[in-house]
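Grab a pencil and have a go at these exercises. Each task comes with a solution worked out in steps.

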Amino acid sequence: MRSILAGYLRDGSLSGAQAARIMAAAEEALSGREHLVPSERVLDLVRETRLSAYDCEFVALAAVLAVPLVTADKAILKAFPGRAQGMGAFAPD
């Protein structure tokens, strides 16, 4: 969410105040629904792959929640074929 808002700030689509209001609303909507991802697990995944810690957080979270990671990210799909799956596999036509 922050990355998207950062892009809108940079291209002038949103003012700082607008971005702050949107982020505050998103944080309020998600409050109490956050999940902590064990840093040790994220760093283990980073060592096992060439993926960023950001990407590995999603993989680790899917493992913690025991759910598939549905993504269009080709690097994640390649690195974690047993955990990650594309949209087509998750919701076929």
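The exercises start with the whole chain and end at a single residue. Keep in mind that this is a predicted model.

**Exercise 1.** Work out how the secondary structure is laid out along the chain.

*Solution.* Start with the tally: six helices and two strands. Then put them in sequence order, which gives α-α-α-α-β-α-β-α.

**Exercise 2.** Decide how the chain's radius of gyration sits against that of a compact globule of 93 residues.

*Solution.* First take the reference: such a globule would come out near 12 Å. Next take the chain itself, at 16 Å. For the overall extent, the C-alpha trace spans about 40 × 35 × 25 Å along its principal axes. Then check burial: 20% of the 93 residues are buried. Finally, look at contacts with a separation of 6 or more, where residues 24 or more positions apart account for 19%.

**Exercise 3.** Is Thr71 buried or exposed, and what is it in contact with?

*Solution.* Locate it first: Thr71 is in the loop between β1 (69–70) and α5 (74–79). Its relative accessibility is 14%, and the cut-off for buried is under 20%, so Thr71 counts as buried. Now go through its partners, leaving aside neighbours within four places in sequence: Ile76, Leu77, Ala84, Gln85, Gly86 and Met87. Last, a polar atom of the Thr71 side chain lies 2.9 Å from the backbone nitrogen of Asp73.

Key:
Residues are numbered from 1 along each chain as its sequence is written. This is a predicted model: local features need pLDDT of at least 70, side-chain atom pairs count only at pLDDT 80 or more; totals for chains, interfaces and linings use all residues. Side-chain values use heavy atoms; hydrogens and water are left out. Helices (H or I, at least four residues) and strands (E, at least two) are DSSP runs, numbered from the N terminus. The radius of gyration is taken over C-alpha atoms; the globule rule is 2.2 Å times the number of residues to the power 0.38. Buried means under 20% relative accessible area, exposed over 50%, partly exposed in between (1.4 Å probe, protein chains only). Contact means heavy atoms within 4.5 Å. A polar contact is a pair of N or O atoms within 3.5 Å; within protein, one must be able to donate a hydrogen and the other to accept it, and residues adjacent in sequence count only if both atoms are side-chain atoms.
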